Amino acid sequence: MAGRGGGRGRRMMSFSVEAVCINRGESLPPSIQQPTPLFPVMEQKPLPLTGGEEAEYLLALKQEFRGAMKTLPFFIQPTAAKKDVERYSDKYHSGEQTDGVTDWSPEWKRFPKELRVKKPCRNGLSAVTRSDKPPLGQNNNNNKTDKEEVLLKLETLQKKEEPSSEEEEEEEKKKKQEEEEADGEEEYDEEEFEEETDYIMSYFDNGEEFGGDSDGDMDEAVY
Amino acid sequence: MTAQEVRLCGLLLREHFGEVVEKVGTHLLRGGAQNLRIIIHETGVPLDLVKKSLCVLVQHGACVFSSGRKGAGSPTEYRTSCDRILRILRYPRYIYTTKTLYGDTGELIIEELLQRGHMTMSSTVKTVADRLTQNMEEGLCMDYGEVSNAFSKLVETHFLQRSTPATPGTPAAPVSTAPPSPESFPDCYKVPHMTLVGRGKRQLCSEDGEDQRNAKRAKMDSQAHGDEGICWQVNFERFHLHFRDQAIISAVANKLDQTSSEIVRTMLRMSEVTTSPTATCTKPLSANEIFRSLPPSYNIARPIVDQYLTLLVDDPMEFVGKAGESGGGMYVVNLHRALANLARATLESVVQERFGSRSARIFRLLLRKRHLEQKQVEDFAMIPAKEAKDMLYTLLAQNLVQLQEIPKTPDFAPSRTFYLYTVNQLPTARMLLQNCYKTVANLIERRLFESRENKRLLEKSQRIEAILASLQASGAEPEQLTEVEEMITATEKQQLEALRLHINKLDSAENQVDESIFLLESYINSTASTS
């Protein structure tokens, strides 16, 4: 069957030529040399949209609905991307984000138990970095030190940013040490060794208060 | 779930609930039933956000959960379906319909319920009363009683229904593939007895009288209103029946005249409660009943009504059929046939607008005559052979027309085979429906693209509007206002105008495509239920 056409050497197609009505005199349409254009020319232009009061009202309803949905707590923002540089305005931004999220508390009876969110995350960032911390013990520490830290902040009126919970812990301990004016740096070093924070120390970027330790950092980070 | 449907659902979720919910939702759509751990693992979204997204999806009815397939004790599985999410396209139409039927109060009730998924009656009434009071003049307040009345009316006519009561985690629940529909519960349309007395409150009240009322209301808010746990949701199916009836009535009005459409409207109104949603035709109504139920503004004599009914029955569209002779003639409205005819008209108009009226003539011919050879097509359509051939091949390439081979000999030799052209209405309707979904997805993408391109300009105009508003509120001079307005240059104003025009056009186009989607979907669903 396959050899029938090839054997004769003539131009024969698998379907009958007359049935598809390509008469003798005509040739096939020219073969295509390049991909078809992206938007071919339209011979028939489409009809215009139906205007009128109803259509306009529907349009207004639709746009209002979309706008309203954006403000409702159902609109979930993705977690904020990690900042490249800590900025002063971050403390103002973080408050805005979490405002709408906690507004809505669903009726938990209608939802499976596993969907219950135990504790709303205070800050989009800390959720991300918190999940990065492998040992669970540190999380417990975070829960306790949160309150103390808030109090300290109110007292000292100093540093506002919370790049990571590790640093929160260290900051808090550091402030205590400053007030006591004890061997702050020695204790700090001890902590550092205790909690295996060798590598994460390099995240801590505050050169003002730990000018001394920055050299120590570089020594350790050489590994 | 076809690829086009999933893409469109993803875009709708992104616009209304954000990108996180979009990611989780599309993953569920593509993957079928999954439990929480699999979702977290495969989407890579953090646990908290996945939980929140699932809560949002369940709240809006887009996702259902059930105990796992392996029996009690296995983790709950979540399942999404495209249908519910695609309804989002039709929300403006639902709200507008309620406005025409029940006024502003009804409109706001439906809007609140659509925005929040499901809510208890008391919270809905309070929110709507507050919103209405905002828009009313100073000193007037919306009474809760009025809003409750509107709510009860909506429930009576079945536009609102109770959500399925909560039964999560009961080990005795049977593991069935289909979750129970709200209609399977007997109290579906019963308004609960609740104690809710009061008036809507305004956001900014400075009068003493209002303050006293505010104080009273604060106490009342903490009370239980007697309807805790009973959540209400919008009954989309009822709205669809209403839209279907409207489509039939307007089709009759276009084809025949206003009086015939009034007669059909009366017939449909009388059979609203007696006809089930999937019925092929309404219950038979006698001509006497129809005559008595016509609206009193139509002073038509009885024989004229009979003539109109005969005309309707004889019409080739077959909207109305005769079911018997008792009572002066028993008449039914053929719902499924009407839907099929409306879908057919949609297909024909699509072909006409895309390929021209002569191709449409060929298409209609093939719809009527079923199978035709090439020669017969040319003869019946009265189109010269060469052009007819071209048009047929274009339609064939677009898959609107199919080729059927009928062999004379078992070896299908081309010279001894009949090649017949044919059109199958149902598969063509399905294909066009997918095209519609693709169209809407493209429109949304284009609109998002336009907004992204001009983001800077839009933000600038928003900032300037905010500045203007604050200046006006604090009573600034006209010079300051003009100075601020001039911060936008003339070319930027033009660009903004053009942008607004484009976005409005794209939005309007989405609404219009949704009307075609509704017709085609109704037709396809009606054939599915009968077959």
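Two strands are taken to pair if DSSP finds at least two bridges between them. Helices (H or I, at least four residues) and strands (E, at least two) are DSSP runs, numbered from the N terminus. The model is predicted: local features need pLDDT of at least 70, side-chain atom pairs count only at pLDDT 80 or more, and totals for chains, interfaces and linings use all residues. Residues are numbered from 1 along each chain as its sequence is written, chains are lettered from A and ligands numbered from 1 in the order in which they are written, and side-chain values use heavy atoms, with hydrogens and water left out.

In E6(B), B:Trp232 stands opposite B:Arg162. The two strands concerned, E5(B) and E6(B), are antiparallel and share 3 bridges. E6(B) (residues 231-234) also takes strand E4 (residues 119-120) of chain B as an antiparallel partner, through 2 bridges. There, B:Cys231 of E6(B) is the bridge partner of B:Thr120.

B:Val155 belongs to helix H8 of chain B. Its relative accessibility is 1%, so B:Val155 counts as buried. Here buried means under 20% relative accessible area, exposed means over 50%, and partly exposed lies in between (1.4 Å probe, protein chains only).

H8(B) contains 13 residues. From first C-alpha to last it reaches 18 Å, close to the 18 Å expected at 1.5 Å a residue. The expected span is 1.5 Å times one less than the number of residues. The buried positions of H8(B) are B:Tyr144, B:Val147, B:Ser148, B:Ala150, B:Phe151, B:Ser152, B:Leu154 and B:Val155. An α-helix has 3.6 residues a turn, so residues three or four places apart point the same way.

Just after H8(B), the backbone of B:His158 adopts a positive phi of about 70°. B:His158 is not a glycine. It sits in the loop between helix H8 (144-156) and strand E5 (160-162) of chain B. B:His158 is partly exposed, at a relative accessible area of 32%. B:Arg370 occupies the loop that runs from helix H15 (357-369) to strand E10 (371-373) of chain B. With a relative accessible area of 55%, B:Arg370 is exposed.

Another sheet in chain B is open and has 3 strands, ordered E1-E3-E2 with antiparallel pairing. Strand E1 (34-35) and strand E2 (63-66) stand at its edges; each has a single partner strand, so one side of each is left without a neighbour in the sheet. E2(B) pairs with strand E3 (residues 77-80) of chain B over 4 bridges, in the antiparallel sense. Within this pair, B:Cys63 faces B:Thr80 of E3(B).

An annotated region covers part of chain B. An unreviewed UniProt entry places the feature "domain: RNA polymerase III subunit RPC82-related helix-turn-helix" at residues 8-66. UniProt positions are given in the numbering used here, feature names are shortened, and annotations may be inferred rather than shown by experiment. Over residues 8-66, chain B is 75% helix and 10% strand. The end C-alpha atoms of that stretch are 26 Å apart.

The totals for each chain follow. Chain B has 21 helices and 12 strands. Of its 531 residues, 47% are buried. Chain A has 8 helices and 0 strands, in the sequence pattern α-α-α-α-α-α-α-α. Of the 223 residues in chain A, 27% are buried. A contact means heavy atoms within 4.5 Å. Among contacts between residues at least 6 apart in sequence, 66% join residues at least 24 apart in chain B. The corresponding share in chain A is 56%.

Accessible areas come from the Shrake-Rupley method with a 1.4 Å probe; for residues, only the protein chains shown count as cover. Chain B has about 26700 Å² of accessible surface, 52% of it from carbon and sulfur atoms. Chain A exposes about 16500 Å², with 54% supplied by carbon and sulfur atoms.

The chains meet through 44 residues of chain A and 64 residues of chain B. The area buried between them is about 4900 Å², and carbon and sulfur atoms give 63% of it. On the chain A side, A:Phe65, A:Ile76 and A:Arg110 lose the most area to chain B, together 16% of what that side buries. Buried area is the accessible area (1.4 Å probe) that two parts lose on being put together, summed over both.
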